[in-house]
Amino acid sequence: MVKFSKQFEGQLVPEWKEAFVDYWQLKKDLKKMQVHGLVYQEDKPLRPTLAHSLLSPLKKLPLFGSHAHKDHGVIQVHKKLASSESKGDVYETELLDRFADTDAAKEFFARLDLQLNKVNQFYKRKEGEFMERGELLKKQMEILLDLKAALKRRRGEKGLSNDSKDDPSISCSVASEGSTQVVIEEEEQQQQIQETQTGEFIERVDDSGGLIKARREEGKLRSLSGRVITCQGKNLKINIPLTTPTRTISAITNLVWEDLVSQSKKYGLEGGNKVSINKTKLHHAEKMIRGAFVELYKGLGYLRTYRNLNMMAFVKILKKFDKVTGKEVMPIYLKVVESSYFNSSDKAIKLMDEVEELFVKHFAEDNKRKAMKYLNPRQRQESHAVTFFIGLFAGCFIALFIGYCIMAHIAGMYTGRSDSVYMETVYPVLSMFSLLFLHLFLYGCNIFVWRKTRINYTFIFEFSPTKELKYRDIFLICTTSMTVVVGVMLAHLTLTVKGHSSTEVQAIPGILLLMFITLLVCPVNILYRSSRYLFLRIIRNIFLSPLYKVIMVDFFMADQLCSQVPLLRNLENIACYYITGSYKTQDYGYCMRTKHFRDLSYAVSFLPYYWRAMQCGRRWFDEGEMSHLINLGKYVSAMMAAGVKVAYEKEQNVGWLSLVVIVSTTATVYQLYWDFVKDWGLLQFNSKNPWLRNDLILRRKYIYYLSMGLNLVLRLAWLQTVVHPNFGSLDSRVTSFLLAALEVIRRGHWNFYRLENEHLNNAGKFRAVKTVPLPFHEVDQD
């Protein structure tokens, strides 16, 4: 049977952990009382006196009021009105009789009262936030239904024939910020509608429960996402977040257009006053409102879990107290807990039922089973077959890799006398796949550790809980893929050693790469299609930075690419080798002799840093925080260091060497500061934990110090460019691969602490659900 403390910790909402009953501290207080025997000592009767011997039997009679004393109990809980109305009632326990003389009991009940008051206040605040959100969503639903009804009437009035291609729309007057009348026709694409489902329009809630007011609304361009319209007798503002290139470009176009209209108004010119709300826009608004209902239902479910778990915690701790002290406190205090606000209020439960009814009616065609797939999706169950195949393919990979290493050693492929063609053309394919799946394997390890430490990475990355990859799935992908890669490489090496050098043999590595790319973009719903397409969308967002709105998963993936520059350069070499047809003539030096290819190698070296810098610029534009500009400077310095290293590889002289040392040292200091202070939240001088932050997830503090030291050492891997270390007779390319693998390991190590810091900052604001921006906002027009 699982202990309640384990069950309690496993079921609580991670972001609200600090708001739950501190069950573990209360257990420590009870243990302290039990060890010292304080309560028992107070309750032990003194040596019986003659009066005590004579009166004790009489006290048991009803005439002497023994039952009244029992009803009075050993404690009395007083309810007081707090100074602030938002805090509600405050409870304070008074200890009676000789029980009041026990310091340990006083300390226990003082902490218990504190926990009860904390739970009530948090529950009341969160309930108020959800109730406010629920009322707002009901109004949004009414507006949406009115607009859909008006659109339907419009279609009936026009009497469209089947061959008509016109989409009827509702004409509404527009009031812009400068009282300028403009003509706007905004056509939303189906792609943007689908992106709403993926969570690209998601914003979080702050500690007061309201929407984070992005500073972009303060500027003119940043406020272009909203239009005030008068429709159906209501003044509405339609918010369209600038999350895609289409919307970003449209916002810039509208800015220019508004400036032209403003200039026209000065000369007495007037514009039109219509905005078209067509079926596509209403469909888009419906998607946003549906997502908002799903998140509200999820939040209300969390609040119900919060209520039930805290009630169970009070019952368990009071039962333990009675067992330790021999007192009957539980009936008295539990009666107060049951009547307290968090357990007696039913507003959240009623709202949850209303949300379910509205969702079933308007979004699920009165099909409750279909509605619950959205509102309460079931977690995908993990199969034992996955674990079996992980072990199977892991064993196959180890056996094939040992065989490959033995054959490569016998053939002398990775030594100074290695085959130049093999090392220039085939080895980059193997090293590229090795770095890729090493990185993926470390990500699986990160997920395993995040789950063990209760870091809610699914919420931080805004993954769908029903589709996101589990760590077992990632391990299966890694072991299976590397088994295929090493098996193909072993077959190719066998043919090469036997003297086969035909075009077909040289094409084997290229076919292997093409096979993986084809599988990645395969539209058939097999082999984790949702995850593959999510990965492609993230890569698209990174490539088109800063046109896309940057969310956590986007810049997290861009950071991973910064550690995979060797992989990108290998991919560039392989692509050039096979696309130009050099594999037919085995002219592996053709690409290096081409000027355009040499120039491209510079670009590939700093492209990941450029993408990351553009993301920082976009985040500064959206949020207006100077820290993003400072972070942009870090990636600019890394970009310069990468470019200087490439130049030094081409022109190895003292001048370039000096420049490499200066630029790389500056970039390394910059990066270390940002790693420790900003990304990890460490090096806090005023913290209760020396050199660490106040809140830590790992219990052993020395792990953080070791991690900082390891990160420092691995950050200095660029020194190999200067010292050119030799490891026996190993080829220099193998040395470069080992150093690249160390950088990948450093990044995997960095990932845990980056998410830990993000989780702690998020949990400090008690954000457990996302709030979808709503399309309609009523405003007052003077």
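A salt bridge here is a side-chain nitrogen of Lys or Arg within 4 Å of a carboxyl oxygen of Asp or Glu. The model you're looking at is predicted, so local features need pLDDT of at least 70, side-chain atom pairs count only at pLDDT 80 or more, and totals for chains, interfaces and linings use all residues. Residues are numbered from 1 along each chain as its sequence is written, and side-chain values use heavy atoms, with hydrogens and water left out.

**Exercise 1. Which residue forms a salt bridge with Asp-622?**

Step 1: The partner is Arg-618, and the closest N and O atoms are 2.9 Å apart.

Step 2: Asp-622 is buried because its relative accessible area is 6%. Arg-618 counts as buried too, at 5%.

**Exercise 2. Follow the salt bridge between Asp-675 and Arg-715 to Arg-746.**

Step 1: The side chains of Asp-675 and Arg-715 meet in a salt bridge of 2.9 Å, N to O. This pair links distant parts of the chain: Asp-675 is in helix α28 and Arg-715 in helix α29, 40 residues apart.

Step 2: Both ends are buried, Asp-675 at 1% relative accessible area and Arg-715 at 13%.

Step 3: Go on to Arg-746, in helix α31 (residues 732–764). Setting aside residues up to four places away in sequence, Arg-746 touches Asp-675 and Arg-715, along with Ser-563, Asn-711 and Leu-714. (Contact means heavy atoms within 4.5 Å.)

Step 4: Arg-746 also has a polar contact of 3.2 Å, side chain to side chain, with Asn-711. (That's a pair of N or O atoms within 3.5 Å; within protein, one must be able to donate a hydrogen and the other to accept it, and residues adjacent in sequence count only if both atoms are side-chain atoms.)

Step 5: Is Arg-746 buried or exposed? Its relative accessibility is 0%, so Arg-746 counts as buried.

**Exercise 3. Describe the surroundings of Glu-468.**

Step 1: Glu-468 sits in the loop between α17 (457–461) and α18 (471–497).

Step 2: A relative accessible area of 6% makes Glu-468 buried.

Step 3: The side chain of Glu-468 makes a polar contact of 3.0 Å with that of Lys-470. Apart from neighbours within four places in sequence, Glu-468 is in contact with Arg-380, Tyr-457, Thr-458 and Phe-463.

**Exercise 4. How many salt bridges does the structure hold, and which residues are linked in a network?**

Step 1: The structure holds 22 salt bridges.

Step 2: One network of salt bridges links Asp-29, Lys-32, Glu-107 and Arg-111.

Note on methods: Helix = DSSP H or I, 4+ residues; strand = E, 2+ residues; numbered from the N terminus. Buried < 20%, exposed > 50% of the residue type's maximum accessible area, 1.4 Å probe, protein only.
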